[in-house]
Amino acid sequence: LLESRRADSREGAIYVHIPFCDSICTFCAFNRWLKKEEMVEAYLKTLEKEIELYSRTAYVASSSYGAIYFGGGSPTCLSQEQLCDLLAYCQDNFNLAPEAEITVEACTHNFLWKKQAAALAKGANRVSFGVQTFKDCLRELFNLQDSAQEVSQTVEAAHRIGYGCVDIDLIYNLPGQTIEDWQADLEQAYNLQLENISFFPLHVAPHTKLAKQLKTGEAAPVGPKTLEIDMYLEAVRFWTQAGYLHQHISKFVLPGKEHRYDTLRLGTYDCLTLGPGPNGNLGAYVYKNHSSLQDYTLAINSGCFPIEKGIPISEEDERRRFMLRGLSLLAVDKHEFRQLFGQDPEHLFSSIIAELRAKGLTDVDDRWIRLTQACCASMEVGQLASGKNATLPPRGRYNKTKPGGVMTWIEIKADA
């Protein structure tokens with residue numbers, strides 16, 4: 001695949017993983033390490049080699065990319081010089097579209113105005129802050145490093161400096177959190193005049209510090225599933241009334257400020273992923289990089305792509321993936337499905353669509369198969385594929401992982 005030129009001109013997306021943090025949140029189970037400067041410097045040299053390996057292939061060299069997302073970990077734990085050099089290196093080595101969306105995932109305590117301005121000058125035009133909550137006692141529980149007031153000041157600075165799109169993540173159904181607490185978080189987020197807002201239910205991963213705190217009673221218990229659903233529905237009501245569009249199960253955007261990376265990653269487009277651990281897809285192949293930093297580095301230094309495993313996917317897999325990714329963006333375009341696959345999705349997936357309609361989880365018209373609000377809230381089909389990376393899990397199953405997110409499985413099979 002990589003030795004041949006790309007056959008079409010559709011834009012893809014790029015994900016760059018920075019697996020370091022300068023502090024560890026108590027709920028986090030992602031692939032990351034506590035920052036040590038010598039580790040960071042060695043990693044960035046290895047990452048540049050991986051970028052070179054891909055950029056020199058005929059396939060990537062003939063591809064155009066409409067969005068690049070720097071995630072982690074915490075990319076903003078890098079020094080200003082390191083972050084700016086990486087932004088420039090990626091733009092020098094990949095064919096980014098003229099209006100490409102370039103997102104830096106950020107912590108509010110280490111992406112202050114000087115670093116924000118420098119990253120903007122090097123091409124970043126969207127920033128996504130992991131705020132999680134504005135309630136200071138919960139921020140302390142999660143080992144978040146600054147106060148709610150400092151968070152607001154940092155987010156407001158990003159607007160003043162010139163970022164055209166500012167996003168924050170919030171988590172709900174936190175230990176001891178009430179619906180009134182959640183409403184207060186939503187109000188504070190609204191006051192920041194955000195272009196994008198993302199929100200996820202708390203997922204307590206085993207072996208995290210938060211899991212131990214909940215077990216010992218150091219942290220108050222999380223609410224029941226009914227409260228979690230009520231909080232989701234309250235967020236949907238709130239942002240809809242505020243004039244935002246529901247782009248994704250867990251994301252609202254202002255009109256004209258859609259998150260391009262999400263659209264590409266969850267559409268029928270390539271997602272080139274770089275760094276240890278992420279899943280990607282190129283052409284008719286899906287792959288996963290080595291999660292171990294040692295194995296990742298060894299592969300790159302041996303002149304090899306750091307792919308731990310990869311598989312070609314069949315047209316049946318492509319059809320199922322199109323359905324699941326479309327539903328995670330709230331609607332499947334039946335016309336586009338027919339153009340790509342020459343068949344009607346209601347015929348291929350008649351049983352599951354009929355079941356979902358009977359449960360009130362989907363609406364179907366001449367053009368669209370749409371998720372209902374009840375479906376998104378129930379999480380039965382919601383939370384399908386909104387992790388940071390494009391991925392195809394084991395046959396017939398698609399999963400989602402996100403900080404604070406729920407892992408949910410759903411079986412999608414074509415009818416015989």
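1. Helix pair α1/α3. In this predicted model, the axes of helix α1 (residues 37-55) and helix α3 (residues 80-93) come within 10 Å of each other and cross at roughly 5 degrees. Angles under 35 degrees count as roughly parallel, so α1 is roughly parallel to α3. On the α1 side, the contact is made by E37, V40, E41, L44, L47, E48, I51, E52 and S55. Helix α3 contributes Q82, L86, Y89, C90 and N93. By class, the residues of this contact are seven nonpolar, three polar and four charged.

2. Cavities. The model has three cavities of 30 Å³ or more.

3. Lining of the largest cavity. Strands β5 (96-106) and β6 (126-132) each supply at least two lining residues. The largest share, four residues, comes from β6. The lining divides into twelve nonpolar, eleven polar and seven charged residues.

4. G72-G73. The peptide bond from G72 to G73 is cis, with omega near 20 degrees. G73 is in the loop between β4 (65-72) and α3.

5. Q132. This residue lies in strand β6. Q132 has a positive phi of about 75 degrees, although it is not a glycine. Buried or exposed? Q132 has a relative accessible area of 8%. Buried means under 20%, so Q132 is buried.

6. H207. Here too phi is positive in a residue other than glycine, with a value near 75 degrees. H207 lies in the loop between β8 (196-201) and α8 (209-216). Its relative accessible area is 78%. The cut-off for exposed is over 50%, so H207 is exposed. Thus Q132 is a buried strand residue, whereas H207 is an exposed loop residue.

7. Q247. Strand β9 (residues 245-248) holds Q247. At 10% relative accessibility, Q247 counts as buried. Which residues does Q247 touch, not counting those up to four places away in sequence? They are V253, E258, H259, D262, T263, L329 and L330.

Technical notes: Residues are numbered from 1 along each chain as its sequence is written. This is a predicted model: local features need pLDDT of at least 70, side-chain atom pairs count only at pLDDT 80 or more; totals for chains, interfaces and linings use all residues. Side-chain values use heavy atoms; hydrogens and water are left out. Axes are lines fitted to C-alpha atoms, for helices over the stretch in contact, and angles run from 0 to 180 degrees between N-to-C directions. Angles under 35 degrees count as roughly parallel, over 145 as roughly antiparallel, 65 to 115 as roughly perpendicular and the rest as oblique. Contact means heavy atoms within 4.5 Å. Ala, Val, Leu, Ile, Met, Phe, Trp, Tyr, Cys and Pro count as nonpolar, Asp, Glu, Lys and Arg as charged, and the others, Gly among them, as polar. On a 1 Å grid over the protein atoms alone, a cavity is a set of points where a 1.4 Å probe fits but cannot get out, and a pocket is an open set with protein on both sides within 12 Å along at least five of seven lines; lining residues have an atom within 4 Å of a point. Grid points are joined across faces, edges and corners, and a volume is the space filled by probe spheres set on the points. Buried means under 20% relative accessible area, exposed over 50%, partly exposed in between (1.4 Å probe, protein chains only).
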